[in-house]
Amino acid sequence: MKKAAGLIFASMVIIFGCTRKAAPTIPDRPIAPVAGNKADTADFNSSNPLVAGKAIYEIKCTKCHKAKNVTDWTQDEWKPILNSMVKKAKLNDLQISQVTQYVNAHAKK
């Protein structure tokens, strides 16, 4: 009797364990339009370093936190911020130069 109950239990586990499960559905979400003149990734390749720097700043720097107002700090105050953030944003040398030029051009005087 115990063997029969164990066999029935094992059969039920196998049957129910192998049945297809319903996949979770992702509800449709409206896509909000981008407002303002936020930089496009195409601007990364701009020949103007200030345009490219702005694009890098607005896209790369806002992945982890809200964009800081560039005019809130002086060039000297930006140096340590940029030094720590360029590593986290994984910027290459050209991108570092471009974002630094952008920040310095708009920093508090």
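Author: Cys61 is buried, since its relative accessible area is 16%, and a residue counts as buried under 20%. Please keep in mind that this is a predicted model.

Reader: Where is Cys61 found?

Author: Cys61 is among the residues that line the largest cavity, and Cys61 is also one of those nearest the centre of the largest pocket. As for its place in the chain, Cys61 sits in the loop between H2 and H3.

Reader: How far apart in space are Cys61 and Lys88, C-alpha to C-alpha?

Author: In sequence, Cys61 and Lys88 are separated by 27 residues. In space, their C-alpha to C-alpha distance is 9.2 Å.

Reader: What volume does the largest cavity have?

Author: A search of the whole structure returns 1 cavity of 30 Å³ or more. Its lining is made by Cys61, Leu82, Met85, Val86, Ala89, Leu91 and Val99, and the largest share of that lining, 3 residues, is given by H3. The volume of the largest cavity is about 40 Å³.

Reader: Which element gives the largest share of the lining of the largest pocket?

Author: The largest pocket, with a volume of about 270 Å³, is lined by 14 residues, and Lys60, Cys61, His65, Met85 and Ala89 lie nearest its centre. The elements that give two or more residues to this lining are H2 and H3. The largest share, 5 residues, comes from H3.

Reader: Which element gives the largest share of the largest nonpolar core?

Author: The largest nonpolar core has 16 residues, of which Tyr57, Val70, Trp78, Leu91 and Val103 touch the most other members. Two or more residues are given to this core by each of helix H2 (49-60), helix H3 (75-88) and H4. The largest share, 4 residues, comes from H2.

Reader: Against which elements do the buried residues of H2 pack?

Author: H2 has 12 residues and reaches 15 Å from its first C-alpha to its last, close to the 16 Å expected at 1.5 Å a residue. Its buried residues are Ala52, Gly53, Ala55, Ile56, Tyr57, Glu58 and Ile59. Among the contacts of Tyr57, leaving aside neighbours within four places in sequence, are Trp78, Val99, Tyr102 and Val103. The buried residues of H2 pack against H3 and H4.

Reader: Is Gln98 buried or exposed?

Author: Gln98 has its place in helix H4 (residues 93-106). Not counting residues up to four places away in sequence, Gln98 touches Phe44, Ser46, Pro49, Ala52, Gly53 and Ile56. Because its relative accessibility is 7%, and the cut-off is under 20%, Gln98 counts as buried.

Reader: Which residue has its backbone oxygen 3.1 Å from a polar atom of the side chain of Gln75?

Author: Gln75 is found in helix H3 and, at 37% relative accessibility, counts as partly exposed. Gln75 and Ala105 are 30 residues apart in sequence, yet 8.7 Å apart in space, C-alpha to C-alpha. Not counting residues up to four places away in sequence, Gln75 touches Asn104, Ala107 and Lys108. The backbone oxygen at 3.1 Å is that of Asn104.

Terms used:
Residues are numbered from 1 along each chain as its sequence is written. This is a predicted model: local features need pLDDT of at least 70, side-chain atom pairs count only at pLDDT 80 or more; totals for chains, interfaces and linings use all residues. Side-chain values use heavy atoms; hydrogens and water are left out. Buried means under 20% relative accessible area, exposed over 50%, partly exposed in between (1.4 Å probe, protein chains only). Contact means heavy atoms within 4.5 Å. A nonpolar core is a set of buried Ala, Val, Leu, Ile, Met, Phe, Trp, Tyr and Cys residues joined through side-chain atoms within 4.5 Å. The expected span of a helix is 1.5 Å times one less than its number of residues. On a 1 Å grid over the protein atoms alone, a cavity is a set of points where a 1.4 Å probe fits but cannot get out, and a pocket is an open set with protein on both sides within 12 Å along at least five of seven lines; lining residues have an atom within 4 Å of a point. Grid points are joined across faces, edges and corners, and a volume is the space filled by probe spheres set on the points. A polar contact is a pair of N or O atoms within 3.5 Å; within protein, one must be able to donate a hydrogen and the other to accept it, and residues adjacent in sequence count only if both atoms are side-chain atoms.
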